[in-house]
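Let's take a walk through this protein chain together. Please have the sequence and the 3D view open side by side.

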Amino acid sequence: MRNVIALCLLLGFVPTAWATEYAYTIRSAELKAKPYTDAQTLTSLPPRSKVEVLGRQGGWTHVKSISFSGWVKMLSLQLEANDQNRRGDNGLSALFNVASTGRSSSTVTTGIRGLSEEQLKNAKPNPQELQAAKRYAVSRQEAQRYAAAGKLHAQSMDYLNGGQE
């Protein structure tokens, strides 16, 4: 019986380990030496560049192109659709997915977006967007009703010390 279980585990996980994942850049993307915005830029990849995905860390993807390997922002890539990606989890891997995530066939996505230092320096007021944002404002009473419906309670919090002890 142990041999059957070992064989099932091996067959369930080996194809996943052999699967190579590829992606395409969806816009021009800087290939960085490390997964940081201020890391050395090795090169710039043009849109639709095919890269091999080697790994992920936070909002960064470790990739290998024809000439270089390095880190690209995750949101600059689109994974290549292949049979492995479309099938998703099945069989034994879905069973183990239940154990690790609490539900079967789950999908984890991450979205990270920020402003670069250059964008912050070049920021300009946009009165039209300010007016558009004001349309989302609610009165204090509406906010309190919403909080009460969600069984939320007010809590006082001290200001953060900004990293100073």
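What follows is a short tour, from the overall layout to single residues.

## Overall layout

Please keep in mind that this is a predicted model. The protein chain has 6 helices and 7 strands. Along the sequence these elements follow the pattern α-β-β-β-β-β-β-β-α-α-α-α-α. Among the 165 residues of the protein chain, 18% count as buried. Its accessible surface amounts to about 13900 Å², and carbon and sulfur atoms hold 54% of that area. If we look at contacts with a separation of 6 or more, 51% of them come from residues 24 or more positions apart.

## Strands E4, E5 and E6

Let's turn to the strand pairs. Strand E4 (residues 50-57) runs antiparallel to E5, and 5 bridges join the two. Strand E5 (residues 60-64) is in turn joined by 5 bridges to strand E6 (residues 69-73), again antiparallel.

In the hairpin of E4 and E5, 2 residues lie between the strands, and glycine 58 has a positive phi near 60°. The hairpin from E5 to E6 passes through 4 residues.

Lysine 64 has serine 69 in E6 as its bridge partner, while tryptophan 60 is partnered by lysine 73 of E6.

## The nonpolar core

Which residues make up the largest nonpolar core? It consists of 9 residues: Ala23, Ala29, Leu31, Leu45, Val51, Val53, Val63, Val72 and Leu77. Strand E2 (29-32) and E4 each contribute at least two residues to this core. As a general background, nonpolar side chains in soluble globular proteins tend to be buried together.

Beyond its neighbours within four places in sequence, leucine 77 is in contact with Ala23, Tyr24, Thr25, Ile26, Val51, Thr61, Val63 and Val72. Several names on that list, including Val63 and Val72, also belong to the core.

## Charges over rings

| Charged residue | Ring | Distance to ring centre |
|---|---|---|
| Arginine 48 | Tyrosine 24 | 4.5 Å |
| Lysine 50 | Tyrosine 22 | 4.7 Å |

Aromatic pairs, on the other hand, number 0 in the structure.

Most residues other than glycine have a negative phi.

Lysine 151 sits in the segment after H6. Is lysine 151 buried or exposed? With a relative accessible area of 69%, lysine 151 is exposed.

## Helix H6

Why does helix H6 (residues 140-149) lie largely in the open? Of its 10 residues, the number buried is 0, so H6 lies largely in the open.

Methods
Residues numbered from 1 in each chain as written. Predicted model: local features only at pLDDT ≥ 70, side-chain atom pairs only at ≥ 80, totals over all residues. Heavy atoms only, no water. Phe/Tyr/Trp six-rings, centres within 6.5 Å; stacked < 30°, edge-to-face > 60°. Lys NZ or Arg CZ within 6 Å of the ring centre and 35° of its normal. Pairing = 2+ DSSP bridges. Buried < 20%, exposed > 50% of the residue type's maximum accessible area, 1.4 Å probe, protein only. Contact = heavy atoms within 4.5 Å. Areas by Shrake-Rupley, 256 points an atom, 1.4 Å probe, with all protein chains shown as cover. Core = buried A, V, L, I, M, F, W, Y, C linked by side-chain atoms within 4.5 Å.
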